[in-house]
Amino acid sequence: MSNAPESDAAALQDRNAAPVLEVEDLRTWFDTRDGVVKAVEGLSFDLRPGEILGVVGESGCGKSITSLSIMQLVPTPPGRYASGAIRFNGRDLLKLSPDEMRRIRGNEISMIFQDPMSSLNPVLTVGDQLTEAIILHQGLGYKGAMTRAREMLDLVHIPEPEARLREYPHQLSGGMRQRVMIAMALSCNPSVLIADEPTTALDVTIQAQILALMEEIRDKLQTAIILITHDLGVVAEMADRVLVMYAGRKVEEANVIDLFERPQHPYTRGLMRSVPRVTGGEASAVERLSEIPGIVPALNNLPKGCVFADRCAFVTDRCRREYPPLVDRGERHLAACWESENLPEWTA
Amino acid sequence: MTDRSHDRLQDPPLSARLTENAVAMADALRRNPTMLFGLVVLTVMALLAFGAPYFGLPEPMRQSPIDRLQDPSAAHWFGTDMYGRDLLSRVLHGGQISLVVGLSVAAMATSVGLVIGLVAGFNRRVDAIVMRFMDALMSIPSILLAIALVALWGSSVQNVIIALTIPEVPRVVRLVRSVVLMLRDQTFVQAAIACGTSTTRILFRHIMPNTIPPLIVQATYICAQAVIFEAYLSFVGAGTPPEIPSWGNIMAEGRMFFFQNFGIIMYPGIFLAITVFAINTFGDGLRDSLDPRMKRRI
């Protein structure tokens, strides 16, 4: 647990560092009675040490299935990994045996869930739950694990850690529980932390604290974080790079500043327009909040061309015929849209 | 506060937890008078039954034809039966059988049912096979099954216990399985898997403790029912052999002398009713205090 220098923001931008996690052409499908549901379709991305990757999209766009796929927590059947590779430090997780995968979960890749109210076992004390992964992965005894658990609670700024260790989850508030979850996820010093909507169930002030905590932890431990959210504000605040998903596919990926400055996909633009702004101007106060018309297409019956075509204001015949490839629009700004170049100037 | 918690970390975890549980238990009893009442009555009943040999009462089997079918008197508080045996002594000794059978059946049925239920709830393939077998067992009325089993194996206390346990197991399995099915998809189970916890450990450490509160209630119910069923089996002559007094066979023997001495049926009946009532009361109270989420509200 070394304190990284303050200047690591620059180091984070270093695109030459070897990725810790590479997802390549991942397809997670579900066989259902109504046909094959393609929850994740041909998704690729990589994640470098200490990087925060924001994954955004509407409900049902495959964000959570992506994270569950990386952890291999997708129930199979009905789920299956139809193709692709998830390489963690060069090893393909999809090819590991259940036992090998178990040694990676919680140890090298860990996960925080959306609802801290239900992600802790009500009948075990905080200490019991925290020590579990530590004993399991680090081979420490009970006492050593308790000491480590106390350090972890300190790390996530929980006051009176010793007392908390003996308490049950119902004795803690929501923010506290999410801190405990983070402590649990980090207790084995994982190199990747997957946070699946970690702040959705929390109120705004607590949300800010939890996000600040996650950033602090990234700086301290150089943990790479996959931050799954539908909140663009959180992404703008936290992420280094952003991946926009729609109907199981990656439609745009860019550096966070670049993405907000010049979004190249109509869907990304739609998402950004549907966030209310508090700018204080008289005009914006009466401006109607715009939404993206229509709904996400059924994943078991996707249109032939672009999956966003039916909801897109810039749709052409070509969009309906062929699915657009991801094209680099400069500075590793990838977007899957035929009309990217013809989109009107973006005014934020 | 800090000092105490520091000690806690130094303590061997098990003993610390046992003390904690004992304190919590005493607390729960204080806050829940009905449970305390049930426990006190049960304790008194157990003391009477297991202390019976030391009270200086006549032997429960000693016959004295001269004193047969007497009304209650200073020498025989509950009177005597048709062979002149002291009814008080017989009823108290009979309590031993009832309590032993009740507790053994509850303990065996819940532990066997718990393991089967856990596995069935977690593994779909095992589930399909085991549950059909359990359904088959449940389709036979439990009392008939018990009578048939005792008839097959011969009457002894042991056989009565086993015969009463078998029909109860499917009910426990169903209960445990339903709780497991509900818990299996909870986020905390997912979170435990995401921590790299093995399936066995998840089953026994994360899921099993959550099945205990409903199981305790079920166990007390089974215990109460086993006490009644033992009496029932003994009453129809398929239970405890006649040389051992039990509430069931005391009543069975006394039913022909109903008009001469009503007490032969009444006293064991009253003891039976009180015991069953006390067990049920205790079980209800136990459930309220076992659930950590309910602890606060009480």
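How many residues of domain 1 of chain A are in contact with domain 2 of chain A? Thirteen would be the word; in figures, 13 residues of domain 1 of chain A contact eight residues of domain 2 of chain A. Contact here means C-beta atoms, placed from the backbone, within 7 Å.

This is a predicted model: local features need pLDDT of at least 70, side-chain atom pairs count only at pLDDT 80 or more, and totals for chains, interfaces and linings use all residues. Residues are numbered from 1 along each chain as its sequence is written, while chains are lettered from A and ligands numbered from 1 in the order in which they are written.

**Between the domains**

Domain 1 of chain A spans 18–239, and domain 2 of chain A covers 263–275 + 284–342. These bounds come from an automatic or database domain assignment. The C-alpha centres of the two domains lie 29 Å apart. On the domain 1 side, strand S2 (35–47) and helix H9 (232–238) of chain A each supply at least two residues. S2(A) gives the most, with five residues. Helices (H or I, at least four residues) and strands (E, at least two) are DSSP runs, numbered from the N terminus.

**Between the chains**

Chain A puts 30 residues in contact with 23 residues of chain B. Helix H3 (98–104), strand S6 (109–112) and helices H4 (126–138), H5 (142–155) and H6 (161–165) of chain A each supply at least two residues of that side. H4(A) gives the most, with four residues.

**Residue classes**

Conventions
Contact = placed C-beta atoms within 7 Å.
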